[in-house]
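Please look over the sequence and the model shown here before reading on.

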Amino acid sequence: MPSYSFLLNGKPVTVEAPADMPLLWVLRDLLDVTGPKYGCGVGVCRACTSHLDGAEIQPCVVPVADCAGRKVTTIEGLADGDTLHPVQQAWLDCDVAQCGFCQPGQIMAAAALLKKTSSPTDADIDRIENVCRCGTYSRIREAIKKASAQG
Amino acid sequence: MARQLSRRRFMVYTLAASTLTVAAPLGCDGSSAEGVEPTAAGVSTPSDVLVTGTDEEMLVLEVTAANRVVVRLPRVEVGQGITTAVAMMIAEELDARLADVDIPLAEARKKGNQYTGGSSSVTSLYGPARELAATARAKLVTAAARRWHLPAGQLRTRDTMVIAPDGRTATFGSLTESAARIQHPAVSTKPKPTSEHRVIGRPTTRIDARDIVTGRAKYAGDVAVAGAKPTVVARPPTLGGKVVSVDDRAARALPGVHAVVRIAGGVAVVADSFHHAFKARDALRITWAPGPLAALSDAGIRSRLRAAVPPLGTPLLGTRQVTGEFEFAFVSHAPMEVLTAVADVRADRAELWFSSQTPMDARDSIASAVGLPASKVRVHVTRGGGSFGRRLNFDAAIEAALISKAAHRPVKLMWSRNDDIRHGRMRPASHHRIRASHAGGRVVSFTHMMASVNESYEQEGPAAQGGVTGVVSGSRVAGPLPSDSGLYNFGRVSGDSGGVELAMPLGAWRSVDSGTSRTAEEIVVDEVAGSLGEDPVAFRRTTLRSKRVKAVLDKVASTGNWGRTMPAGQAQGVAVHEEYGSCVACLVEIDATDPKKPRVTKVVMAADVGTAVNPRGLQAQLMGTAADGISTVLQAGLHIDRGAVREGSFADFHYARQRHAPLHFEAHIMPSRRDPGGAGELGVPAAAGAVANAYARATGTRPRRFPINF
């Protein structure tokens, strides 16, 4: 079995896994990192959204081999210790979540968007594909704008 | 629909324990708030009967020595915010800090009311939870009075502490042991009057919000159960298809595969990871027999539904008719968390972890499926990643139990998204024929005939069907159509329903029949207004019976600037709904310049639910129902092609995404001192009706088949 090393939320990890094993299952089933959620397995619902070298990815369609030697950040690694990332804080302030299942992915998508575009327009926010079946979209929009304003 | 719950009196008991532990019985059923005595709580007579052990039917509050207030909740949290609402009720009456209150979910009980559904949770818990906490507070105050040798009446409570006039404080945790021995509290055990509420009614952030935003919230698939192996099931291409033969040699030869098990729904694979399980599933060579509906597609279902609608009858002489026929497609619940269940079935006992709205029924069904007495089956209820009615049924839990039994090991079964959308459950498709007859500018009769698909199997069994039928069918068309509640002053109101029996996995979908029936009715109301040359809001104002409904309508009309001039292709729409002892109005603005790509740009809702325990939570529920209305009316549904569901993920089941959600949303909560009504499902028909009416006005069309773009 091949082995892959990468930086996970700031800490080096090494896993033995088939090359084509999606990062999502490496995280969840091998490393017990359960923040990224399965919602479709085909990169469509984006509940698993995380970061690879700081950019948004859907770990359900990224093979572990592609992560070797790189930096993987999941929702668990977004905060700085007990200090929440501004997007997480905005999510709390706006009380965005309902069931919460898609929210790690929503937050990671929003954080990636703000990294690219510090003041996203409504059209930018509209391009976020992450599904929220509870329909929290209005609060997501509000929280992104709040996080953007607090910069 | 629901049986009446008497809330006149709650006995509150003290349980024999070394820490303060009080219990209040729960009614055996949820109920709409209608008819409930508004001052019910005030006349209760708490008792100090000592009960040994924990009575299963009770809501139990414990104050721990570590100063935590713990109430094990016999309901499930699926995003609706019930844990936060109950924590607020407890914090209010106990004068505890919200952060000191823990609301874990109770495992399946042997008796009592452990049903989450019908928007009944707050209604059913509001009395008992407050009585419970008020009694606990009285005992804590009495214990402090004895410790300090002060009159109990001089003591105050705040922030999970008792406070003496001289400023001394004692945490509840430090008093819990002595409070447990208090037989007769020296201060009142009555809940506060509404006017003194400081927590209830205040917009409050979810108690689990931080866990959610940091990824710590645990769902069934995140629960660590020793040795529980990832498990998936190969399912047939058609609904109800059966395995004819399976060649599992290639699958078994793959690395990391522990077991391949044939079950009623297909072939299960137990493996080291979900990656290995999916790979092995795909390596199975299965010959399938088509399911019982293989000859049936949407057109056939639609024509059978149309034929099953009871006749409208002859209209009254001398009246003019406004009629409409409406069709609604099947809709997936598609909660973000697919069905997931961890099961550990042994020869003499079983233990399961999953999210369930009906854990007691689930436990009994699982016990019978695996051949164990119910007393040997433990069901741990986990938080759910959405439900919308889907977790009334426990298909996956029964499967997981059977797989665990056959594989002789604990398993973590997960349905794939394909499984979830292709194999149900779904909101049944329905057909509605509505006629309003008017004369002299007034509606004199209103008739609504409908038919929907009912779930029916030749050979019924828990393994085949995998879920409750009682709860679902009991909450479906059993009663009169919602229009019979007399929402409008429409003269003679009548209705009836027919059904088409099909072997399809169906389920109650948020707001159940109202989501289709009332939506269709609100469209007809707009068309009647048009036929009479009246404005939709003005017409409703003159024909609605209830002041409360008129008030929410007025609220959205004024705050939503009803009647403002809009460019061509854009329009406003409005609708109202009344149910669960609550009412709601919704105003929508839509841009349908491209009728194939309409965008709801603005949604304004107003709700009167009686006392809104957490207004922010209620606004969130209304926001969700707006997304449901947009989705089901404009774009999200399921096609049936030759006995199979065509859609298979969120790529083709078009539930609303950010680009479909309103750019502006606001929800107004009407002030009220009435006891809480239901709220979780309330907004769906109003939102759906308003979206449809806005679309009709923007496009000059009469929408009849939903979703419109499908």
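Chain B is divided into domain 1 (13–210), domain 2 (220–292 + 339–414) and domain 3 (300–331 + 425–706), with bounds that come from an automatic or database domain assignment. This is a predicted model, in which local features need pLDDT of at least 70 and side-chain atom pairs count only at pLDDT 80 or more, while totals for chains, interfaces and linings use all residues. Residues are numbered from 1 along each chain as its sequence is written, and chains are lettered from A and ligands numbered from 1 in the order in which they are written.

The C-alpha centres of domain 1 of chain B and domain 2 of chain B lie 38 Å apart. Their contact takes 13 residues from domain 1 of chain B and 18 residues from domain 2 of chain B, two residues being in contact if their C-beta atoms, placed from the backbone, lie within 7 Å. On the domain 1 side, these residues comprise six nonpolar, four polar and three charged ones; Ala, Val, Leu, Ile, Met, Phe, Trp, Tyr, Cys and Pro count as nonpolar, Asp, Glu, Lys and Arg as charged, and the others, Gly among them, as polar.

Helices (H or I, at least four residues) and strands (E, at least two) are DSSP runs, numbered from the N terminus. In helix H1 (residues 82–94) of chain B, 13 of 13 residues are buried, meaning that 20 or more other C-beta atoms lie within 10 Å of a residue's own, where C-beta atoms are placed from the backbone (12 or fewer make a residue exposed, and values in between partly exposed). Just after H1(B), B:Asp95 takes a positive phi of about 55°.

Strand S22 (residues 430–439) of chain B is largely enclosed by the rest of the structure, because eight of its 10 residues are buried. Strand S15 (residues 320–328) of chain B runs antiparallel to S22(B) and is joined to it by nine bridges, strands being paired if DSSP finds at least two bridges between them. Within S22(B), B:Arg433 stands opposite B:Glu325. S22(B) also pairs in the antiparallel sense with strand S23 (residues 442–455) of chain B, over 10 bridges, and B:Ser437 has B:Ser445 in S23(B) as its bridge partner. The hairpin of S22(B) and S23(B) has two residues between the strands, and there B:Gly440 takes a positive phi near 60°.

Finally, the contact between the chains takes 47 residues from chain B and 46 residues from chain A. H16(B) (615–635) gives the most to the chain B side, with seven residues.
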